[in-house]
Amino acid sequence: MIEENERAAKFMQAIQRDGEQRRAAIMKAIDAETDAELEKAKAAAEAKAQQMGDYEKIRLQEDTNRRLSHSVMDIEAELAQKRSQVTDEVIGACEEKLAAFVAGPEYSAYLKESARGLLKMLHAETAEFYARPQDVKAAEAAVPAGCSVQPDNGIRLGGLRAKTGAVEADDTLDVKLDAQKDWFLQNSGMSIAL
């Protein structure tokens with residue numbers, strides 16, 4: 001009976017050892033499965049976080065670009081307005097100087113020289129001249145004999161325009177100031193190239 005008890009005890013120990021080994025293997029498998037699932041969940045969470053981060057980064061970049069673009073457009077509009085204001089002030093000052101010149105004694109000599117230059121440009125001896133209505137008398141005294149002078153309300157600042165046949169030449173202060181305005185914009189660095 002002792003032998004049977006001993007055998008039974010050894011059998012029980014063997015069963016117990018086998019149970020412990022199986023339990024350890026099962027626990028190891030459960031731990032491995034849990035770790036694998038945890039790693040999958042971590043990877044999925046990291047991928048989702050990365051995706052959300054990328055989305056937010058793009059959204060912020062687009063928002064920043066939009067705000068920057070609006071700021072640049074506002075600044076360019078303000079700069080264009082200031083350029084226009086400076087140009088208007090400069091051209092206004094030039095017009096005042098021209099008005100003073102036209103009212104002065106040198107204007108008659110200028111009209112004579114202008115009439116000669118226009119005839120030379122037109123390769124003609126006579127032509128029909130055009131002047132501001134208030135300059136017609138001074139222009140009649142300045143043009144050579146055989147030439148006529150007509151009033152022209154389109155001439156604002158002064159000077160003469162001449163026509164012979166179908167050919168016309170313009171030496172008005174209006175045209176000269178317009179040419180200077182273009183020169184001023186280009187050489188002052190204030191022209192806006194589009």
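## Strands and their pairing

Strand S3 and strand S4 (residues 167-172) run antiparallel and are joined by six bridges, where strands are DSSP runs of E with at least two residues, helices are DSSP runs of H or I with at least four residues, and both are numbered from the N terminus; two strands pair if DSSP finds at least two bridges between them. This is a predicted model, in which local features need pLDDT of at least 70 and side-chain atom pairs count only at pLDDT 80 or more, while totals for chains, interfaces and linings use all residues. Residues are numbered from 1 along each chain as its sequence is written, and side-chain values use heavy atoms, with hydrogens and water left out.

Within this pairing, Gly-159 stands opposite Thr-172 in S4. S3 and S4 form a hairpin with two residues between them, and Gly-165 in the turn has a positive phi of about 65 degrees. S3 (residues 159-164) also pairs with strand S1 (residues 128-131), in the antiparallel sense and over three bridges; there, Glu-128 has Lys-163 in S3 as its bridge partner.

## Salt bridges

A search of the whole structure finds 13 salt bridges, each being a side-chain nitrogen of Lys or Arg within 4 Å of a carboxyl oxygen of Asp or Glu. Among them, Arg-161 forms a salt bridge with Asp-152, with the closest N and O atoms 2.3 Å apart, and both of these residues, Arg-161 and Asp-152, are buried, a term that means under 20% relative accessible area, with exposed meaning over 50% and partly exposed in between (1.4 Å probe, protein chains only). Arg-132 forms another with Asp-135, the closest N and O atoms being 2.9 Å apart, and Arg-132 and Asp-135 are buried as well.

The side chains of Asp-171 and Lys-176 also meet in a salt bridge, at 3.1 Å from N to O. Asp-171 counts as buried because its relative accessibility is 14%, whereas Lys-176, at 35%, counts as partly exposed. Elsewhere, salt bridges that share partners join Asp-63, Arg-66 and Arg-67 into one network.

## Helix H1

Ser-71 lies in helix H1 (residues 2-103) and counts as partly exposed because its relative accessibility is 36%. The C-alpha atoms of Ser-71 and Met-52, which are 19 residues apart along the chain, are separated by 28 Å.

Ile-15 is also placed in helix H1, and with a relative accessible area of 42% it is partly exposed. Together with Phe-11 and Met-12, Ile-15 makes a nonpolar surface patch of about 330 Å². Accessible areas come from the Shrake-Rupley method with a 1.4 Å probe, and for residues only the protein chains shown count as cover. Patches are made of residues with over 30% relative accessible area and no salt bridge, like charges being joined within 9 Å and nonpolar side chains (Val, Leu, Ile, Met, Phe, Trp, Tyr) within 5 Å.
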